[in-house]
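Visitor: Could you take me through one part of this model up close? I would like to hear about the charged side chains and how they pair.

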Amino acid sequence: MKKYLIINADDFGSCFAANEAVERLFDRGAITTATLMVPCPWAEDAIRRARRNPRIKTGLHTTLTSEYETYRWGPVAEGCESLRDHLGYFYQTASECLRHAREEDVRRELQAQYSWMERRGVHPDHIDNHMATTYDKFLSVVYQMCAKHRLGFRLPRIPETFDPQVTPERKAAFRQAAMEADRLGVHLPDGLFTYDFDLSPSDTYETFRGYYLNMLDNCPEGVSELFIHPCIETEELKYINAQWKKRVWEYQVVQDPVFIRRLAENGIALCAYADAPFASAPL
């Protein structure tokens, strides 16, 4: 089998810095998909960009949390009280969300986010999730949405690509999740990669890039996904996110000539969810 890679930009719609980075990367052919955070204040700007720019392929970044201290958002659906903190926003952490959220509210909210995109004339081409809130407790909810709308979902068939230290128990859970996806006809990527750490004071752009180059060297055969959170550098971004430099570097790395050359050296072809040659679970 050949090696195919989906490069997805998460958090489209979260802020201007993200929206501008995503559109520039699509125009330069550096990413193949993005996923939209519908509840965020800049989602309308993102959806307008997606409507006017045919290069932009947009999925749904199902969102049930609002992680920042001073920049917040809440549910799109009316009610959904179990998803709201004492200020009416989503909870800031996944653990708080999972402790309080009721399945019926999660189902209503995710459908409202999907419908929000549809009403604006943009049909999601796949689904993933923000801060891993639908990988366990609510996986069946998001699987049902994917099956209903014939969409793929971000969950790796080879969990070691995402977590080299995955436990046997966790590996078995991933295997069961993949079997259920196949039963429902939901496409899953084989491998999944990201830089899942905060930057340390000793990190440089070169060490950061080296991590991504190593990912490319270890990309398995089949269809894998690399997800990033690219942003251009702005004062707004610096105020919102203490890890702003990581997002700026993610914007830079996928258009870096060294990264592009390593893709070619590893025989990796870029694709999107809509045109990926998934080997299993035909829709």
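Guide: Let's start at R24, which is partly exposed, with a relative accessible area of 30%. Please keep in mind that this is a predicted model. The side chain of R24 meets that of E20 in a salt bridge, 3.1 Å from N to O. Both residues sit in helix α1 (residues 16-27), 4 residues apart, which is about one turn of the helix. E20 has a relative accessibility of 19% and counts as buried, because the cut-off for buried is under 20%.

Elsewhere, D128 and R154 form a salt bridge of 2.9 Å, N to O. D128 lies in strand β4 (residues 126-129), while R154 is in the loop between β5 (152-153) and α6 (168-184), so to speak a link between distant parts of the chain, 26 residues apart. D128 is buried with a relative accessible area of 0%, and R154 is buried at 2%.

Back where we began, salt bridges that share partners join E20, E23, R24, D45, R49 and R52 into one network. In the whole structure there are 26 salt bridges.

Technical notes: Residues numbered from 1 in each chain as written. Predicted model: local features only at pLDDT ≥ 70, side-chain atom pairs only at ≥ 80, totals over all residues. Heavy atoms only, no water. Salt bridge = Lys/Arg side-chain N within 4 Å of Asp/Glu carboxyl O. Helix = DSSP H or I, 4+ residues; strand = E, 2+ residues; numbered from the N terminus. Buried < 20%, exposed > 50% of the residue type's maximum accessible area, 1.4 Å probe, protein only.
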